[in-house]
Amino acid sequence: MRTRSRFAGVVLISAVAVTALVGCGPAPWDPAGGGGTPTASSTAVPTPVPNDLSGGATQRTLTAGAVTATVDYWSTLAMDQWTAEAVKPVSISLITTVQPDDGQKVYLQRASMTAVPSTPTGALEALPPQLDASTVSPGYLVLDPYSYSQTFNVGPVPAEATFVTLQFSYDFLVQTTPTSSEYAKQTATDTLTVALTD
């Protein structure tokens with residue numbers, strides 16, 4: 001009888017110890033502290049601005065009807081100096097071929113550039129277009145091996161702008177026949193994105 005009472009006492013003490021342990025809160029080996037799985041906070045990383053002149057220059061091939069134009073773009077101003085307040089020159093060199101090549105010539109009637117400053121949330125007001133219209137009729141001869149070169153300037157833009165989009169347009173006149181004084185007009189367009197620095 002005495003042995004059974006002693007055993008009951010041991011059981012009672014063990015039960016009290018387990019109850020005390022349960023009432024002490026989360027187990028020390030639980031890294032979550034009983035509050036569930038912790039979540040990692042993340043910070044949004046801004047999307048890098050593409051830069052078509054990041055290598056200093058780029059070349060594009062444009063097609064307008066029978067005319068294929070090869071255009072080289074570059075800037076004499078280093079990319080790390082393309083700030084919002086700076087005057088930023090963009091030079092172009094253009095040459096064309098025509099298919100079928102029956103001996104007709106290709107002339108550039110006019111070239112234009114419009115610079116549109118932008119922020120990550122949208123475009124700002126465009127700068128006034130810059131235009132180079134031919135002073136000779138019917139235009140500047142641009143059929144290979146004759147080429148056209150020009151420099152346009154992107155003026156100061158708002159300080160919040162992070163890049164500029166350069167919209168180019170080229171109007172060509174193509175002789176209908178090698179001896180004709182009649183011309184077909186073809187227009188080619190192109191767009192460059194250039195990042196701005198602080």
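Before counting pairs, I noted that two strands pair if DSSP finds at least two bridges between them. Strands (E, at least two residues) and helices (H or I, at least four) are DSSP runs, numbered from the N terminus.

My ground rules: this is a predicted model, where local features need pLDDT of at least 70 and side-chain atom pairs count only at pLDDT 80 or more, while totals for chains, interfaces and linings use all residues. Residues are numbered from 1 along each chain as its sequence is written, and side-chain values use heavy atoms, with hydrogens and water left out.

**Entry: strand β3**

Ser93 stands opposite Ser149 of β8. I then turned to strand β2 (residues 67-74), which runs antiparallel to β3 and is joined to it by 8 bridges. There, Trp74 has Ser91 of β3 as its bridge partner.

I also checked burial (under 20% relative accessible area is buried, over 50% exposed, partly exposed in between; 1.4 Å probe, protein chains only). In β3 (residues 88-98), 9 of the 11 residues are buried, so I wrote the strand down as mostly covered.

**Entry: Gln104**

Next I went to the loop between β3 and β4 (106-119), where Gln104 lies. Is Gln104 buried or exposed? Gln104 counts as buried because its relative accessibility is 7%.

I listed its contacts (heavy atoms within 4.5 Å): leaving out residues up to four places away in sequence, Gln104 touches Val98, Leu143, Val174, Gln175, Thr177 and Pro178.
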